[in-house]
Amino acid sequence: MTEEVLASRVAEVLAVDAASFQERVEDDAETIKAYVRDGVFDNPQAIVGLEYEFYATDADDRSLRRVPRRLLELIGFEKELGLHNAEMTTSPQPLNAHGLRAQESEVKSRLQTALEVTHTEGMWLVSDGLWTIPPAGERAREYLTDSVEQTADGRTIRIATNMSAAARYHAMANTEQAQTAGMTIDAPNVSLSAETVMPESLITSIQPHYQVPHAEDLPAYFNYAVRIAGPLLAVCVNSPFFPPDCYDEDATAESVLEEAWMEHRISVFETVLNDPSTGAGKVRFPRDLESVEEAVDRIAADDTLVPMPVTAGDRFDDEFAHFRRKHGTYWRWVRPVFDGPTRSAANARIEFRPVPAQPTVRDSVAVQAAFAGLLESLTRLEHPVVELEWSLARENFYAAMREGLEAELTWITNDGQETTDRERIYEDLLAHAEDGLTNRGLTDDEAAKYLYPLRRRVRQGVTPAGWKHQEVTRRVESGDSLAAAITGMQRAYVDRQTETLLEGRFADWIGKRNGE
């Protein structure tokens, strides 16, 4: 698509009347609430799914690569914000032993095919939280901030040079409502400003989904998901470093190492898409829910960033298509979703969005299994951690962002005791994840196998971010510059991943490093 055609499509988006769009959203919200009351969104059992994001690198030097659109279509992946991104979405499956095996098998089979195809193009798809090596011969700052202006329908439209050709992405930088986006990165030793939301393309994630059996019960599951967000993030952190040229000129290796947050992906998403002068921002840690109706109303009432045009279709959820479009920019780290292609497939689910993409498929599926097992067990047993103050759950989340497993988290154990002891927290957390899985028919051995990657991290006290931080520290202490140390670490990460992505585990990396 040419920049002129894309600018015309963006202009069409900008012509949508925001007030009329919002009226339709509110009408759709009432439709959804009526369907909830009628049981349309109920399922016979819990169902799980997964969104899995990757970025492409050169197979030789591990520098970032743009993925040709024809190649995305060929491998059956979807485009994401940056031209270097690719996303896979699994088919929803019942939460049981067969369903989890199907999830893992689908990811592996589709990813193996994608890797074989991209290999012929000299590429490798990387599962990671934040890329650090820009395209060969380019600087990360320019890659993230380059844009051009085009004129369409009498408007001046700004087009990000390295962003996918989706009008909604580019519209974010061209509407009055879009000015609520910060379009900056503000992190320790990093300050970067852009005129589009392209800096968000630094980050990639996995997003486990959990479809609740009864839509009316969604708030109970949601409130537990809010409380496990911090502990699960802490054990999964994977983005302590930025591309070297993104650091401030006066930043030293010592300050970067000392002040690095273990999950910069969280801060990137928030500072790029939030304007600090407008209050809480669109990307934020969500408050508890009291009712499913409140969940619907929150989405409907959220600030409209891009009132996109809506085309009528023949899916069931096209009956509330404006609401679905609004939901596309409802960014919360845990968020409810109401949709379904058919009436029988309609579902109310929880998307868990804090976790970065993990080093291997098995690690990613471990997160999915832990999340699903926890929601299954905590709600069924009415675990007392739901009584943890929301403010403490939020503090847990941002402490985990900054410090990973070293964060001091607050938890309430199954016996009602409040604790900050890491061993007790994860003993309780992972025991309930295992209970949830065995309650859905997995054997003890099967449940333990799924959760082993996370148990090993806790036992060893090493996360993917911690591995990266130690690698960069070791290289700096050996005399490398910060830039060389980060680049060397990143190449080592991808090299190790090429050996373990489909069948290995991050635990194998720990063993090699520790000489076990």
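Biologist: Where does Arg62 lie?

Modeller: Arg62 sits in the loop between strand E1 (47–58) and helix H3 (69–75). Helices (H or I, at least four residues) and strands (E, at least two) are DSSP runs, numbered from the N terminus. This is a predicted model: local features need pLDDT of at least 70, side-chain atom pairs count only at pLDDT 80 or more, and totals for chains, interfaces and linings use all residues. Residues are numbered from 1 along each chain as its sequence is written, and side-chain values use heavy atoms, leaving out hydrogens and water.

Biologist: Why is Arg62 called buried?

Modeller: Buried means under 20% relative accessible area, exposed over 50%, partly exposed in between (1.4 Å probe, protein chains only). Arg62 has 10%, so Arg62 is buried.

Biologist: What is the phi of Arg62?

Modeller: Near 70 degrees, a positive value in a residue other than glycine. Most residues other than glycine have a negative phi.

Biologist: Why is Asp153 called exposed?

Modeller: Asp153 has 67% relative accessibility, so Asp153 counts as exposed. Asp153 lies in the loop between strand E5 (147–152) and strand E6 (155–160). Its phi is positive too, near 55 degrees.

Biologist: What makes Glu26 partly exposed?

Modeller: Its relative accessibility is 42%, so Glu26 counts as partly exposed. Glu26 belongs to helix H2 (residues 18–37).

Biologist: How do you know that Phe323 is buried?

Modeller: Its relative accessible area is 1%, so Phe323 is buried. Phe323 is in helix H11 (residues 321–327).
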